[in-house]
Amino acid sequence: TEYHWRFDVHWTLFAYRGADADDADGRVVLQERDGTTSLVTRVDQTPRPKRRVLQPHVDVDVTWLLQQLDDDGRLAFAVERSAPTCRTPRRNADVERAVRAFTAWHAWVTDVHRYLYQHVFPIQDKHGLDLGAITGDGIFVPNVPFFVDKEALGGGGGGGGCGGGGGRRRRG
């Protein structure tokens with residue numbers, strides 16, 4: 001005898017202002033989805049609790065990233081070259097803040113990935129899908145050039161950080 005159990009999952013990706021992620025008035029839902037599957041057992045006992053939150057909030061602070069957008073929503077990051085802390089294009093306070101923000105973003109993406117692969121996907125184990133194919137390995141996603149205003153850079157991009165100095169750009 002086989003017993004079939006309905007399993008529902010719901011997730012929401014949202015932004016919120018302030019420190020209270022549970023404040024519905026401060027939320028902006030970016031995307032959400034519901035999914036349903038059937039779990040099969042050979043015993044008359046549910047394989048999962050009736051109601052369970054598998055993962056509470058997985059948060060990342062996007063304040064720094066949003067502060068880098070201009071009034072038209074374009075990236076407007078710049079290194080303050082005249083700052084006393086500006087030593088090189090990489091060693092300066094502006095880039096350090098950017099590195100911290102993107103390190104936090106990477107940690108968030110890793111947490112979401114771990115949640116999906118360790119807690120959600122294993123629930124239905126005989127689906128016949130190759131979940132190993134869901135990966136970004138070997139894919140190059142050149143995000144930053146889409147945020148660069150080439151006209152403002154003199155048409156060609158280039159640029160350096162502190163103290164000017166263009167340098168060569170390698171394509172390949």
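I started with Arg91 and Glu96, whose side chains meet in a salt bridge at 3.6 Å, N to O. My rule for a salt bridge is a side-chain nitrogen of Lys or Arg within 4 Å of a carboxyl oxygen of Asp or Glu. By this rule I count 7 salt bridges.

A note on the source: this is a predicted model, where local features need pLDDT of at least 70 and side-chain atom pairs count only at pLDDT 80 or more, while totals for chains, interfaces and linings use all residues. Residues are numbered from 1 along each chain as its sequence is written, and side-chain values use heavy atoms, with hydrogens and water left out.

Next I checked accessibility, taking buried as under 20% relative accessible area, exposed as over 50%, and partly exposed as in between (1.4 Å probe, protein chains only). Arg91 is partly exposed at 49%, and Glu96 is partly exposed at 26%.

Then I turned to Arg97 and Asp94, which form a salt bridge at 2.7 Å, N to O. They sit 3 residues apart in helix α2 (residues 93–120), so about one helical turn separates them. I take helices as DSSP runs of H or I with at least four residues, numbered from the N terminus. Arg97 is partly exposed at 36%, whereas Asp94 is buried at 16%.

I also found Asp70, Asp72 and Arg74 joined into one network by salt bridges that share partners. Within it, Arg74 and Asp72 pair at 3.4 Å, N to O. Arg74 is partly exposed at 42%, and Asp72 is exposed at 60%.

Key
Helices (H or I, at least four residues) and strands (E, at least two) are DSSP runs, numbered from the N terminus.
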